[in-house]
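Hi,

Here is the structure I promised to pass on. Have a look at it first, and my notes on what turned up follow below.

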Amino acid sequence: MAAAGSSHADSLDQFAEFEDYLDSYVQPVDLYYLEDEELARQLVELDVKGPGDLLSRGEFERLKNDETQRAAKIRNTSTKPLAHTGVQASYKDFPLLVELAQREELVLSGRLATIVFIRTRNRKGQEVSAYIDLGHRLKTDSFEEYFARRKLFQPRPSDLSFYNADTGLCSSNATTNFQVIADSEKGLQFKCKRDRKLINVSPDAPPGHSSFRKVIEDPQYTQVVLYDHVTRRKA
């Protein structure tokens, strides 16, 4: 089993549960040979009792609780206004921005996890597409610029899954909210780290438990689809 990094130094914010923490140490080759996700986790957890710097379940829960309390204090002392506040006139005629504004508070509060699929052309005229973790972007990007129409919301190689059809560039990245899963039979799926439910983005299959698909017609983009997942726990 290969380690994903220093478990004590890195933030545990990206792991909703201890099982997600163990999953970060499970490599694709492990699952290929073991063909059992739970067995792979158990083997990682056994390493906790031996040499190494993996956290035990008790240590994880204690540190996770400490981080949650610190985050709550920060939220209570530095409430930031929503990015779409006060600029409704700027985005009211742009369907995707209207949908994002409606979801902003729900996503930031942890009650909703949303994946945005966009297919469009970049500044070079290349066709690009991506599955975008809205929650991650809301925390790391300046959405005031998008809602004020100073910038266009576009796919990036750092998104959950990105593809440039002209150059062949393809990338995938886990976020604090989702794990990327490429299944040979079911295709591309995303596991919500908050409740461990799978979101199926195939147009030919239901999106999954507590998940909903919505197609958006927006003249700024070739294709836009929203995948909303109602989570079981608040952030």
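This is a predicted model: local features need pLDDT of at least 70, side-chain atom pairs count only at pLDDT 80 or more; totals for chains, interfaces and linings use all residues.

One definition before the rest: a residue is called buried under 20% relative accessible area, exposed over 50%, and partly exposed in between.

The overall picture

The protein chain has eight helices and nine strands. Of its 235 residues, 38% count as buried. The accessible surface comes to about 13,200 Å², and 51% of that belongs to carbon and sulfur atoms. If you take the contacts between residues at least 6 apart in sequence, 53% of them join residues at least 24 apart.

The sheet

Start with the open sheet, which is built from six strands in the order E4-E3-E2-E1-E9-E8, with antiparallel pairing. E4 (170-172) and E8 (211-216) are at the edges with a single partner strand each, so one side of each has no neighbour in the sheet. From one strand to the next, the twist averages 10°.

Going through some of the pairs:

- E1 and E2 run antiparallel and are joined by seven bridges. Thr-120 has Val-128 in E2 as its bridge partner. The two strands form a hairpin with five residues between them, and Gly-125 in the turn has a positive phi of about 85°.
- E2 and E3 are also antiparallel, over four bridges. Here Tyr-131 has Ser-161 in E3 as its bridge partner.
- E3 (residues 161-164) pairs with E4 over three bridges, in the antiparallel sense. Tyr-163 stands opposite Cys-170 in E4.

How enclosed is E2? Six of its seven residues are buried, so the rest of the structure largely encloses this strand.

Helix H6 and the cores

Next, look at helix H6 (residues 95-109), which lies across E1 (112-121), E8 and E9 (223-230) and runs at about 155° to E1. The largest nonpolar core has 24 residues, and those with the most contacts inside it are Leu-96, Leu-100, Val-116, Ile-118, Phe-143, Phe-147 and Phe-153. At least two residues of this core come from each of H6, E1, E2 (127-133), H7 (134-140), H8 (143-147) and E9. H6 gives the largest share, five residues.

Leaving aside residues up to four places away in sequence, Leu-96 touches Val-116, Ile-118, Phe-153, Ile-216, Asp-218, Tyr-221, Val-224 and Leu-226. There is also a second, separate core of 12 residues, with Ile-115, Phe-117, Phe-190 and Val-225 among them.

Charged pairs

Side chains of opposite charge can pair when their charged atoms come close. The count of salt bridges here comes to 10. Three of them may be worth a look.

Glu-99 and Arg-103 meet through their side chains in a salt bridge (2.6 Å, N to O). They are four residues apart in helix H6, which means about one helical turn separates them. Are these two buried or exposed? Both Glu-99 and Arg-103 are buried.

Arg-150 and Glu-145 form another salt bridge, with their closest N and O atoms 3.2 Å apart. Arg-150 is exposed, with a relative accessible area of 55%, whereas Glu-145 counts as partly exposed at 24% relative accessibility.

Finally, Glu-99 and Arg-103 turn up again: salt bridges that share partners join them with Lys-214 and Asp-228 into one network.

That's what I have for now.

Cheers

Definitions and conventions:
Residues are numbered from 1 along each chain as its sequence is written. Side-chain values use heavy atoms; hydrogens and water are left out. Two strands pair if DSSP finds at least two bridges between them. Axes are lines fitted to C-alpha atoms, for helices over the stretch in contact, and angles run from 0 to 180 degrees between N-to-C directions. Contact means heavy atoms within 4.5 Å. A nonpolar core is a set of buried Ala, Val, Leu, Ile, Met, Phe, Trp, Tyr and Cys residues joined through side-chain atoms within 4.5 Å. Buried means under 20% relative accessible area, exposed over 50%, partly exposed in between (1.4 Å probe, protein chains only). Accessible areas come from the Shrake-Rupley method with a 1.4 Å probe; for residues, only the protein chains shown count as cover. A salt bridge is a side-chain nitrogen of Lys or Arg within 4 Å of a carboxyl oxygen of Asp or Glu.
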